[in-house]
Amino acid sequence: MTPVEITLDVNGVARTCVVEPRLTLADCLRHELGLTGTHLGCENGVCGACTVLVDGASVRSCLMLAVQAQSARVQTVEGVAGASGRLHPLQEAFRRNHGLQCGYCTPGMLMTALELLAENPTPTEADVRVAISGNLCRCTGYQGIVASILDAAAELHEHMGTRPWDP
Amino acid sequence: MGSVIVDDPVVRRTGATSVGSSILRIEDGPLVVGKGHFLDDIAVPDVLHVAVVRSTVAHATIASIDTSAARSVDGVHAILTLDDLRPVLATPRMPLAASPTGGPNKHTPFVLARDEVAYVGEPVVLVVARSPYIAEDAAAHVAIDYQPLDVVSDPRDGLLPGAPMVRRELTNNVFDDQIVGYGDVTAAFAAAKHIVADELFQHRGLGSPIEGRGVVAQPNVTDGSLRVWSSTQMPNELFNMLVETLGLEDSLVRVTCPDLGGGFGTKYLVYPEELAIPAAALLLGRSLKWVEDRRESFVSAVQERDQFWTLEMAVDADARILGIRGRLVHDQGAYVPRAVTIPYNAARTLLGPYLVPAYELRVVVALSNKVPVATIRGAGYPQGCFAMERMLDLVAVRLGIDRVELRSRNLIPASKMPYTKPLRERSGATIVYDSGDYPATQAEALETADWQHFRARQAEALAAGRYIGIGIANIVKGSGRGPFESGTVRVSASGQVSVFTGAVAMGQGLATALAQIVSDELGVAPDQVRVIAGDTAGAPLGFGGFASRQMVTAGSSVHLAAKAVAAKARRVASHLLEVAEDQLEFRDGSVGVIGGSGSVSLGELARKLRGAPGFAFPAGVEPGLSATINWLTESLTYANAAHVAEVEVDVDLCQVTLRRYVAVHDSGKIVNPMIAKGQVIGGIVHGIGNALFERMGFDETGQPLTTSFAEYLLPTATDLPLFEVSFRESPSTLNPIGVKGIGENGTIPVAAAIASAVEDALSPLGVRLSCTPVTPEALFDAIAAAREAALRQAQDGTHQRL
């Protein structure tokens, strides 16, 4: 298969790489661009560990080809914290509420939660559970994750307009 | 840290102890920003990628392997069979893991299949290529000529006369057949007022860590050394087996665990791939990487799978247990890669926190043409608990006694603690329940769950056509498996405090907990302590992560090592500062004069203890500000818990909804309550998977039917209630920090508590539940059977009246 050059915006930076058409977006991010924060758990779109945002919408990066991301804006876990390294309130909330144990599903959980909070800044517990119901976690029993997302929502909402989170 | 510190008048502290507080985890920082370092994140220069060709049939001889088409795929570097690896293998067959005898035997797997395959998924050929994509392409072109042999899919079939052998080399499909028990069971049953009997089918599936297995092997052709990274719970045993199987000097081998994306028992084994791939790397003189995909995990990572129990329980007129007897057939799969523990754990656990005067269980370990069976979180304890608690509920239903009242009559009272069971551990050690108050634990769970008022709520619901139920289960869990775990505490001249241990972190917050322990002895903040867990270069001795052992074993070793370092630092500081030792305290990385300003940093002390040629060395101490302790333990320390589940059952859809879940745990002294609670909740949800969802299916030809997470269902966020978890603390008397294990405890009582609750909800229909998982299909069958029985009974009654 003839390699194809693609250009995409990853976490605000224009990246170019030459990929085989069959290369998944996940493998492109991980092995071509060195962004190993996106994890693979099942490679058939069930576990959600590889979730990234493409043009703002959550995507299973194991089910999308890198060439399909041509010209797209891709956000991964590496781009969630500010450039200064300051954690996003969602990341802080995951630490504070024991929202992770082994940390393998965490990047997918964070990206899924970011999409939820962008769409629904004041989710209920049930909203959060539905939002992450496509992300598997074997360690936490989800309770810490749900608490983390609700905590982050409250934190972000409280400061909305007055102290927006600004990397 | 309570009594331990009070016992040592020299140790003083300026602030509160770290142990016992919910400090945030030191692991989390990198993990929430995508800077974890998992196996597939390891970048080794010029690495080649491996795909594993696996058996597609459950039992066959291998007539031939044609690799020519695969070899012609562009980018393929090598195709390797067992014969190809033989020049670098001291033995083609895997040694028995985690065994005092070791070595290969006729039940251990081969490094790659030799001339016969015994389960679907058994590794046969390695394909080495430039990229993982190419390796998988080529793997599809490897043509293996399988000559089918008869298959034992249900292990009970393999016990029948004339059954085919699971492997041709066998003369019997029974791996082991022994009696576990004590007392005069025959007399107990002869004296019984009531006897109940049941057959239980118990299934437990996979560990299903979201990160699968994986290996990176990097040979150094210059010095002949071999570096291996593996996503394993037993790095030291992998080291041992690499040395033995590859015939290497142990100074040439290093095994390192990267971050582990979960373990749950799946990674508590040395797998064929973990030897075959390093062997191939040595043979080819190239670095190799293999990352398991999810389907491979379903067909080749260990599972717990099936147990078939036949049980009888004898009770007296007051429903006090007189004896239990029965038979357990345990499915072991095609090989025995490490010592069998699950059925014996189950057999011992069955006794739980109850008084059982006589017991006899025949345990039959039966082979089958399926993936080998080894321990998953809980390791047979959930099955033992389920068996006991289901039998107790059966007694309660048959005799019309409240389930709690029945349990209360049979629980070991606090006055009998420590309580010696008339059974022995595998090590030969007596089973002594060291501490805990089982009736009080149960009472607390009942109180929290408002058990007392449930019957009224249930009646109200039933009047509205809704079936709700409540269930309870109690457990005792032996924890802290020895003989030891290693612990080294070292202070460097920079002042950095490091901990090295053979314990392995799979997500439990091990680093944080060990750092808390060190923090209390050395007066440095936990987040300033670096923990290196699971690297044979730092910890040449050790066992790894399993059996709810690490806080007991590694925690104790690290605690004692930190104390030894503190004692040394205090001694040297006393000389330097010319102040008596008891006038010194540890604060902010220094040893300082209590109430004074004089102090010397730990880094400076480490520099002094490093020595300098031609200059005086501090008198009376050994070089180095470090200590290694391998705290030995023979006995397990016994944690306990009581769970109460409340469910609602939709009798038309046969769906179970968890309404409420209460868990009270006693794991002795709790080092970090936040982490401990997380362990319990995660454990419970694994148990919920076992209770309601997870079923690793096979057909009669041994073909796996569930090979993705779309077919094998893990619990998801919408399946679960908020869990109510609380702790009682009965400090262990068997280790210096008073802790007991916790990692598996949450899982153990869940299936029993939920089955009890579902059965209670369906009590108007007279349903009896004797299986796990309670899937909608299983529930449909149970309800249909109960309705049929009721109908038959009604017809019989009509007939009799006529």
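1. In chain B, the centres of domain 1 and domain 2, taken over C-alpha atoms, are separated by 41 Å. The model is a predicted one, in which local features need pLDDT of at least 70 and side-chain atom pairs count only at pLDDT 80 or more, while totals for chains, interfaces and linings use all residues. Residues are numbered from 1 along each chain as its sequence is written, and chains are lettered from A and ligands numbered from 1 in the order in which they are written.

2. For chain B, the assignment gives domain 1 as 3-36 + 482-630 and domain 2 as 427-469 + 637-802, with bounds that come from an automatic or database domain assignment. The contact between them takes 20 residues from domain 1 of chain B and 19 residues from domain 2 of chain B, where two residues are in contact if their C-beta atoms, placed from the backbone, lie within 7 Å.

3. On the side of domain 1 of chain B that touches domain 2 of chain B, the elements giving two or more residues are helix 15 (510-522) and helix 16 (550-577) of chain B; helices are DSSP runs (H or I, at least four residues), numbered from the N terminus. Helix 16 of chain B provides the largest share of that side, six residues.

4. The residues of this side of domain 1 of chain B divide into eight nonpolar, 10 polar and two charged, with Ala, Val, Leu, Ile, Met, Phe, Trp, Tyr, Cys and Pro counted as nonpolar, Asp, Glu, Lys and Arg as charged, and the others, Gly among them, as polar.

5. Between the chains, the contact takes 42 residues from chain B and 42 residues from chain A.
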